[in-house]
Amino acid sequence: MGEQPIYTTRAHVFQIDPNTKKNWVPASKQAVTVSYFYDSTRNSYRIISVDGSKVIINSTITPNMMFTKTSQKFGQWADSRANTVFGLGFASEQQLAKFAEKFQEVKDAAKLARDKSQEKGETMSNHSQETGRETPSSNQPSSINGTDDEKISHVGPEAAVLKSENELLKSAVEQSNTNAKKWETELQTLRENNARLVDALQESSANVESWKKQLTTCKDESDSLRTQIAELEAQCNEASQEKQRNAQLTVRVQELEAELQDKELELENLRKQAETIPQLMAECESITAKLQAAEMKNKELEGRVDGLQLDVEDSRQKQGQMKGELKKFMDMLDGKIDELHEFRQGLSRLGVEN
């Protein structure tokens, strides 16, 4: 069956700063796919994440691991084999809770597999004692209940380990390609790793003893790293405020990405509007010409209005003069009428007297 994904989500990936052992260093520029893988051949579980062509998480889950929620949307776990602490920033509390729940399930499954392997090893040991056969020390499962680093030190030749890793990576890539197109980049990466592992296999076949010494050295370093991780976990409790700030920065980065998308849409709209500028300029020039013509006509009309106003003033003056003359004429007419009236009255009196 090989290695298959059993759960997939998306998150921002961080790793602890190897120098300060306190600050978080972003391992991805944006949210990437993070998946749980189950290896039916080894009966083991891994967390794998790929950003483009780069593998940023390759963590084998052991019963001793602990996933800790440090904020509402951020969690972390320590990996002694990778000599680092991984941190994940999620978009919601529900995604973090689901990932933590899956981590506990996988951890319990790994513990159950370890216990079964231990029982199987004890049964084989008892059977060997009953039949009087002595098992070589290199093949005894003496560290079945130990850590992953201790298990590696008791594995057979390194060539077999590298070959097994090669087959597992190839199987995982093939399975990923059937699931989604987004695993195509990981397939290319794993193929490159496959070629590198083949080269390493060819080189390691001539240096098996050197590899064994290096494995022993790695075991000693692993013990030292466990001590450092214990100290680091104690320091992480004091750095909770810094972790919360990092989580807030992650949320702020997401908000800025959304704002950037909005700005890009706005810029696209402005570009489309800019395409209509020549047409608007032509219309503006046409309107300007019409406006100039209208201003010229306006000036002409203003000249005519001024002439008409002068005519009106002359007419008013003439009308005033005519009114004055008419008034004089009316006064004269009234005088004449009065004279005629007096003359008539005189004639009437003369007629009466005669």
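# Exercises on a predicted chain

Ala-11 has a relative accessibility of 1% and therefore counts as buried; buried means a relative accessible area under 20%, exposed over 50%, and partly exposed in between (1.4 Å probe, protein chains only). The model is predicted, so local features need pLDDT of at least 70 and side-chain atom pairs count only at pLDDT 80 or more, while totals for chains, interfaces and linings use all residues. Residues are numbered from 1 along each chain as its sequence is written, and side-chain values use heavy atoms, with hydrogens and water left out.

## Exercise 1

Solution. 
- Step 1: Helices (H or I, at least four residues) and strands (E, at least two) are DSSP runs, numbered from the N terminus.
- Step 2: Ala-11 and Phe-90 are 79 residues apart along the chain, and their C-alpha atoms are separated by 4.9 Å.

## Exercise 2

Classify the ring pair of Trp-24 and Phe-74, then the pair of Phe-90 and Phe-99.

Solution. 
- Step 1: A pair of aromatic rings is described by the distance of the centres and the angle of the planes. Rings of Phe, Tyr and Trp (its six-membered ring) pair if their centres lie within 6.5 Å; planes under 30 degrees apart count as stacked, over 60 as edge-to-face and the rest as tilted.
- Step 2: This rule gives a count of 12 aromatic pairs.
- Step 3: The ring centres of Trp-24 and Phe-74 are 5.4 Å apart and the planes stand at 65 degrees, so this pair is edge-to-face. The pair links distant parts of the chain, as Trp-24 is in strand S2 (residues 24-26) and Phe-74 is in strand S7 (residues 74-79), 50 residues apart. Trp-24 and Phe-74 are both buried.
- Step 4: Phe-90 and Phe-99 form a tilted pair, with 5.5 Å centre to centre and 45 degrees between the planes. Phe-90 has 3% relative accessibility and so counts as buried; Phe-99, at 0%, also counts as buried.
- Step 5: Ring pairs link Phe-90 and Phe-99 into a cluster with Tyr-7, Tyr-36, Phe-67, Trp-77, Phe-86 and Phe-103.

## Exercise 3

Find where Lys-21 and Asn-43 lie, and say whether each is buried, partly exposed or exposed.

Solution. 
- Step 1: Lys-21 is not a glycine, but its phi is positive, near 60 degrees. Lys-21 sits in the loop between strand S1 (3-16) and S2. Its relative accessibility is 24%, so Lys-21 counts as partly exposed.
- Step 2: Asn-43 is not a glycine either, and has a positive phi of about 55 degrees. Asn-43 is in the loop between strand S3 (32-39) and strand S4 (44-51). Its relative accessibility is 33%, so Asn-43 counts as partly exposed.

## Exercise 4

Describe Arg-46: its strand, its burial and its polar contact with Asn-58.

Solution. 
- Step 1: Arg-46 is part of strand S4. With a relative accessible area of 9%, Arg-46 is buried.
- Step 2: A polar contact is a pair of N or O atoms within 3.5 Å; within protein, one must be able to donate a hydrogen and the other to accept it, and residues adjacent in sequence count only if both atoms are side-chain atoms. The side chains of Arg-46 and Asn-58 are joined by a polar contact of 2.6 Å.
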